Amino acid sequence: MRTFRKKLKGHMTRTLVAVSLALGLALGLQPSSLQAGVVISNIPNTVTGGSTVSDVIWKAMLFTTGSTPTQLDKVVVGLNPPTGATLPDTSQVKVSLFSVLSGAPSAELLTTGLVSVNLQATGGLYTFLDDSPFSLAANTAYALVLASDASQIKWGRNRDVTPTTSEGFQYDTFIGSDNSGGTWSAVSALDNAVEIYVVETNLVPEPSTLLLLSMGTFGGLGLCVFRGRSRVV
């Protein structure tokens, strides 16, 4: 009888371990269902001109994140051709994310570098940084900075409309620099067209965490079942 019990115990243990691993992997490898959401919006791009940006004239929108850590997903910017351009026009634009110190952009954290944008008309919306995820700290100020090359481009506007916010994000201000970010100053009535999309990072555990949790849960359940059966036998 003891030999039978030992064999049964060994068989049940191996079975439970196999089941735990299979269920753990099945749960742990489930894809995340998180979707990107807009946290700051000042869309549409409603003017034919806008705020000029160039290699020396930079513009920035400052914002503060909410209490939940997030990951920058993408940025949508309203752009218009430079004054006097014939459409379609190909211009250069650089979209960057900066840290903020004393109310102004400080260190560059993420950038597209200068990229070509084909402008077919005024009022266009263009997506940037969608292939460069970046973790945003909670309750932290950041600056979204636009620049161009010497030929200039226009950051289109949603005239006199303050950006809306959600998920605890806060719109702070728009500011400008005339010396490539050396110094910054307030810009009146500069309500540029922009949307920032983020993904919340703490809503669903990472796959590795799910794997450990599921293995521990099913392993514990199996141990309880085994002990119960041992007492019955």
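**Figure 1. Thr 90 stands opposite Asn 118 of strand β7.** Strand β5 (residues 89-101) and strand β7 (residues 115-119) run antiparallel and are joined by five bridges. Strands here are DSSP runs of E with at least two residues, numbered from the N terminus, and two strands pair if DSSP finds at least two bridges between them. The model is predicted: local features need pLDDT of at least 70 and side-chain atom pairs count only at pLDDT 80 or more, while totals for chains, interfaces and linings use all residues. Residues are numbered from 1 along each chain as its sequence is written, and side-chain values use heavy atoms, with hydrogens and water left out.

**Figure 2. Strand β5 also pairs with β6 and β10.** Seven bridges link β5 to strand β10 (residues 141-148) in the antiparallel sense; Lys 94 has Ala 147 as its bridge partner in β10. Two residues separate β5 and β6 in a hairpin, where Ser 102 in the turn has a positive phi of about 55 degrees.

**Figure 3. Thr 52 in strand β2 (residues 51-53).** Thr 52 counts as buried because its relative accessibility is 18% (buried means under 20% relative accessible area, exposed over 50%, partly exposed in between; 1.4 Å probe, protein chains only). Its side chain makes a polar contact of 2.6 Å with the side chain of Lys 154. A polar contact is a pair of N or O atoms within 3.5 Å; within protein, one must be able to donate a hydrogen and the other to accept it, and residues adjacent in sequence count only if both atoms are side-chain atoms. Leaving out residues up to four places away in sequence, Thr 52 touches residues including Ile 57, Lys 59 and Gln 152 (contact means heavy atoms within 4.5 Å).

**Figure 4. Tyr 171 and Phe 174 form a tilted aromatic pair.** The whole structure holds five aromatic pairs. In the pair of Tyr 171 and Phe 174, the centres are 5.5 Å apart and the planes are at 50 degrees. Rings of Phe, Tyr and Trp (its six-membered ring) pair if their centres lie within 6.5 Å; planes under 30 degrees apart count as stacked, over 60 as edge-to-face and the rest as tilted. Phe 174 is buried, because its relative accessibility is 2%. Phe 63, Tyr 142 and Phe 169 make up one aromatic cluster.

Key:
Helix = DSSP H or I, 4+ residues; strand = E, 2+ residues; numbered from the N terminus.
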